[in-house]
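Please examine the sequence and the structure shown below. The paragraphs that follow lead through strands, salt bridges, backbone angles and a surface patch in turn.

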Amino acid sequence: AASTIAAESGSTLTLSGAVDHSGGGKAIEIGYAALGAGGTGTVVLSGGTASTVGTSWNLKSGTLVLNKTAGVNAVDGFFYIGNNDAEGADTVVARLDASNQIPTIGVNVYASGLLNINGMTETIGALTIEYGEVRVGNGGSLTISTLSMKAGEITTGTGTLTLGGNVTGVADTNPSPSGAVISGNLALGSSTRTFNIGDTSGVAD
């Protein structure tokens with residue numbers, strides 16, 4: 001079972017030291033009914049020491065604020081945001097309050113999830129969106145190694161999304177009306193990029 005960190009609804013839990021679970025071999029789960037109130041409060045990771053979990057971070061409910069010293073990893077391993085369940089869109093939020101909080105790891109954003117770069121600068125590994133949302137924010141910059149989207153949305157505002165690899169649009173057997181959307185400023189990086197778009201019935205490719 002995963003180890004759990006959670007804050008009650010309406011409350012904030014700030015962890016200013018490192019989250020060190022490298023010897024446990026377990027994932028870290030944030031929220032998800034860990035408490036009687038549902039664990040839907042806010043957890044803040046701050047301070048100047050990197051987290052070392054080594055497996056994965058699973059943000060299941062509430063808000064996780066990444067606010068360590070710029071360049072210090074607030075999370076590591078693999079990062080999952082949200083769930084594909086009955087929760088509303090953008091109810092499970094990972095928000096950067098400082099730049100360069102996430103190393104070049106895989107990040108998955110599901111239907112209830114929102115990754116909010118919040119106008120900061122960030123470089124991650126493969127980004128997978130399955131009905132979820134990513135916001136870069138005005139003046140922000142998000143660089144990703146590859147992108148896979150099954151519906152969902154990326155908006156940049158006046159910021160920029162930069163591709164380090166190719167894009168895959170995954171065919172959806174239960175399509176949303178809008179399909180997969182990238183809105184704003186898209187930079188292709190220094191190489192030619194390939195967009196592989198699956199054929200989803202009823203949605204314009």
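Ile 197 lies in strand β19, where a strand is a DSSP run (E) of at least two residues, a helix is a run (H or I) of at least four, and both are numbered from the N terminus. This is a predicted model, in which local features need pLDDT of at least 70 and side-chain atom pairs count only at pLDDT 80 or more, while totals for chains, interfaces and linings use all residues. Residues are numbered from 1 along each chain as its sequence is written, and side-chain values use heavy atoms, with hydrogens and water left out.

With a relative accessible area of 48%, Ile 197 is partly exposed. The terms are set as follows: buried means under 20% relative accessible area, exposed means over 50%, and partly exposed lies in between (1.4 Å probe, protein chains only). Ile 197 also belongs to a nonpolar patch on the surface, together with Ile 182, Leu 186, Leu 188 and Phe 195, and these residues have about 400 Å² of accessible area together. Two elements, β18 (181-187) and β19 (195-197), each give two or more residues to the nonpolar patch. A patch is made of residues with over 30% relative accessible area and no salt bridge; like charges are joined within 9 Å, and nonpolar side chains (Val, Leu, Ile, Met, Phe, Trp, Tyr) within 5 Å. The accessible areas come from the Shrake-Rupley method with a 1.4 Å probe, and for residues only the protein chains shown count as cover.

An open sheet is formed by 9 strands in the order β1-β3-β5-β7-β9-β12-β15-β17-β19, and the pairing is parallel. Its edge strands are β1 (3-5) and β19, each of which pairs on one side only. On average, neighbouring strands of this sheet are turned by 15° against each other, direction ignored; for such angles, axes are lines fitted to C-alpha atoms, for helices over the stretch in contact, and the values run from 0 to 180 degrees between N-to-C directions. Two strands count as paired if DSSP finds at least two bridges between them. Strands of a sheet pair through backbone hydrogen bonds, either parallel or antiparallel.

Strand β8 (residues 92-96) pairs with β10 in the parallel sense over 4 bridges, and Ala 94 has Leu 115 in β10 as its bridge partner. Strand β13 (residues 133-135) also pairs with β10 in the parallel sense, over 3 bridges, with Leu 114 opposite Glu 133 in β13.

How many salt bridges does a search of the whole structure find? The search finds 3, a salt bridge being a side-chain nitrogen of Lys or Arg within 4 Å of a carboxyl oxygen of Asp or Glu. The side chains of Glu 133 and Arg 135 meet in one of them (2.8 Å, N to O). Asp 90 forms another with Arg 135, the closest N and O atoms being 3.1 Å apart. This pair links distant parts of the chain, since Asp 90 is in the loop between β7 (79-81) and β8, Arg 135 is in strand β13, and the two are 45 residues apart. Glu 133 is buried, with a relative accessible area of 12%. Salt bridges that share partners join Asp 90, Glu 133 and Arg 135 into one network. The side chains of Asp 97 and Arg 95 also meet in a salt bridge (2.9 Å, N to O).

Thr 63 is found in strand β6 (residues 63-68) and is buried at a relative accessible area of 17%.

Finally, the backbone deserves attention. Most residues other than glycine have a negative phi, and most peptide bonds are trans. Phi of Asn 100, however, is near 55°, a positive value, and Asn 100 lies in the loop between β8 and β9 (107-109). Phi of Tyr 131 is near 75°, also positive, and Tyr 131 is in the loop between β12 (127-130) and β13.
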